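Colleague: I would like to learn how to read a structure like this one, feature by feature. Where do we begin?

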Amino acid sequence: MEIKVLDDVKHVPCEVLVINKFQGEKTSQELANTYAVDKDHFEGKFGETYLLHTFGQIPADKILVVGFGKKEEFDADKMRLAVSKAVKKLQQIHAKNACFDFDVMCDYGKSAAIGAMIADYAFDKYKTEKATRVDEITFGKFSEKEVKEGIVFGDAMKFARDIANEPADFATPSKLAEIASNLDGITTKIYDKEEIERMGMGAYLAVGKGSIQPPKFIHMKYTGKNAKKKIALIGKGICFDSGGLDIKPPASMLTMRDDMSGAACVLAVMRALTALEPDVEVHGIIAACENMPSGSSYKPGDILRAKNGKTIEVDNTDAEGRLTLADALCYACELGVDEVIDIATLTGACVVALGSTVAGIMGNDEDMISVLIRTAKNSGEKFWELPLFPEYKDSLKSDIADMKNTGSRQGGASIAGVFLKEFVDGPKWAHIDIAGTAFLEKPQKEFIAGATGAGVRTLLNYVKG
Ligand code: BES
Ligand code: MN
Ligand code: ZN
């Protein structure tokens, strides 16, 4: 879908002119007022739509009226949802182009473009029959700058969703490394197995041992002009999580190609930075591997030594994400960054606690956490803080090593958090658990089933400052 901007779209010939209606108010089009509002009593409740044919009375063939709800409740979130609703309606009627002429109080160009691009998304690469798409939309009223930024964000989300939706056989550790190596304006170093061994990443290395796919440790770097602040973004990159020898039951394993959604997010953010040009130094780090059962797999009872020297007794091979993140966190801390953010499909417990619309956030700095929560809110995502009380560490006690990799099922998201904390030394740190939000089993709000690009918008806005 191509997205354009024009000052005034009222008189532009197109298939569909999309306009809005607030409850209790008229629309900007007489035809819509006569037919939709007066005759058919279209109220304009939020998300409702009304389609009418114009029979040549205006340059557009049809008018699509979108309900914007109560004017005082309208905001950027509603704009994004309304535009995605409209685009889905346009797809349904097989419209190929449309002009959007919204009568609103702010420049919602960014949210509008993001909403359009989320709705335009389909993962139909492997389908013979492709999804119905709108070729071109034109926004009136919004500024080009806002819309352009929205397009960068929308594009980043699409990029992340594509990588996470791909079968594990395609999105392998080597493939992620290849993608990272081909990002414009980003310098990338890939470490292979021998180098990972030499760096002393015994926790990460153990997880990948059972797979024929070699592990790839990916370090990307973006350097903004006059960069003062240094941030590291770590994405969990388990290209497939079978559980390992503690193998998952079929229903739980089915979607585990999504276990690199954190990595997909970090790749997408790094890629978009070149377009946004923020004045920061950003390191994108992914310890990519597969968690597979085989004769060479790591085993329950094994003792692993992480990069910082701490030893870990393997209690459950399915708690692999934290092992790979442990070494990635050590690596990031050694870079001397000011802040580290890891984003990971880490625990089923987080899904139980918060569901599929809210990500969990934990960390060692309350200010950083609250800025991230606020940034998420302004970005159309939801983060909720979970605690890292020291009591959670009790269940990780091991008789034979410094800690175990799993503890009690109760409070599982926080237990994973306190485990990760053991590998953070120096920087401010936040951990975002996107196990519930990264991949949808059925459509939800503006998203179709599958990968959502969780975290992309928030981290882009956060890095932009
Ligand atoms: N990748 C999973 C977590 C997950 C669960 C992501 C559901 C997305 C949806 C993770 O590696 C895992 O298996 N976690 C275990 C940890 C347990 C063994 C302590 C879990 O949550 O069951
Ligand atoms: Mn697992
Ligand atoms: Zn996992």
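This is a predicted model: local features need pLDDT of at least 70, side-chain atom pairs count only at pLDDT 80 or more; totals for chains, interfaces and linings use all residues.

Colleague: Which strands does strand 9 pair with?

Modeller: The general idea comes before the case. Strands of a sheet pair through backbone hydrogen bonds, and the pairing is either parallel or antiparallel. Here, strand 9 runs parallel to strand 10 (residues 281-291), and 10 bridges join them. Strand 9 also pairs with strand 13 (residues 339-344), in the parallel sense, over 5 bridges.

Colleague: Which residues stand opposite alanine 232?

Modeller: In strand 10, the bridge partner of alanine 232 is histidine 283. In strand 13, valine 340 stands opposite alanine 232.

Colleague: Now the metals. Which residues coordinate the zinc ion (ligand 3)?

Modeller: The donors are Lys236 (NZ), Asp241 (OD), Asp259 (OD) and Glu320 (OE), at 1.9 to 2.4 Å. Along the sequence, these donor residues are spaced K-x4-D-x17-D-x60-E. The site links distant parts of the chain: aspartate 259 is in the loop between helix 8 (250-253) and helix 9 (261-276), while glutamate 320 is in the loop between strand 12 and helix 10, and the two are 61 residues apart.

Colleague: How do I read the geometry of such a site?

Modeller: Compare its angles with the ideal ones. For six octahedral donors the ideal angles at a metal are 90 or 180 degrees. The 6 donor atoms around the zinc ion (ligand 3) subtend angles of 77 to 173 degrees, which makes the arrangement octahedral.

Colleague: Are aspartate 259 and glutamate 320 buried or exposed?

Modeller: Aspartate 259 is buried, because its relative accessible area is 2%. Glutamate 320 is buried as well, with a relative accessible area of 1%.

Colleague: What coordinates the manganese ion (ligand 2)?

Modeller: Asp241 (OD), Asp318 (O), Asp318 (OD) and Glu320 (OE) coordinate the manganese ion (ligand 2), at 2.1 to 2.2 Å. The donors follow the spacing D-x76-D-x1-E along the chain. Here too the site joins distant parts of the chain: aspartate 241 belongs to strand 9 (residues 230-241), and aspartate 318 to the loop between strand 12 (311-313) and helix 10 (321-334), 77 residues apart.

Colleague: What is the geometry of the manganese site?

Modeller: Irregular: the angles among the 6 donor atoms of the manganese ion (ligand 2) run from 71 to 169 degrees.

Colleague: How far apart are the manganese ion and the zinc ion, and which residue coordinates both?

Modeller: The two ions are 3.2 Å apart, and aspartate 241 coordinates both. With 3% relative accessibility, aspartate 241 counts as buried. Aspartate 318, at 22%, counts as partly exposed.

Colleague: On to ligand 1. How many residues surround it?

Modeller: There are 15 residues around ligand 1, and the closest are Lys248, Asp259, Asp318, Glu320 and Gly348. Asp259, Asp318 and Glu320 have already come up as metal donors.

Colleague: Which N or O atoms of the protein lie by ligand 1?

Modeller: Take the side chain of aspartate 259, where an N or O atom is 2.9 Å from a nitrogen atom of ligand 1. From the backbone, an N or O atom of threonine 345 lies 3.4 Å from a nitrogen atom of ligand 1. A backbone N or O atom of glycine 348 is 2.7 Å from an oxygen atom of ligand 1. Taken alone, ligand 1 exposes 510 Å², of which the protein buries 75%.

Note on methods: Residues are numbered from 1 along each chain as its sequence is written. Chains are lettered from A and ligands numbered from 1 in the order in which they are written. Side-chain values use heavy atoms; hydrogens and water are left out. Donors are N, O and S atoms within 2.8 Å of the metal (3.2 Å for Na, K and Ca); water is not among the atoms, so sites may look incomplete. Four donors count as tetrahedral if all angles lie between 85 and 135 degrees; four count as square planar and six as octahedral if opposite donors are over 155 degrees apart and all others between 65 and 115; anything else is irregular. Helices (H or I, at least four residues) and strands (E, at least two) are DSSP runs, numbered from the N terminus. Buried means under 20% relative accessible area, exposed over 50%, partly exposed in between (1.4 Å probe, protein chains only). A residue is near a molecule or strand if one of its heavy atoms lies within 4 Å of it. A polar contact is a pair of N or O atoms within 3.5 Å; within protein, one must be able to donate a hydrogen and the other to accept it, and residues adjacent in sequence count only if both atoms are side-chain atoms. Accessible areas come from the Shrake-Rupley method with a 1.4 Å probe; for residues, only the protein chains shown count as cover. Two strands pair if DSSP finds at least two bridges between them.
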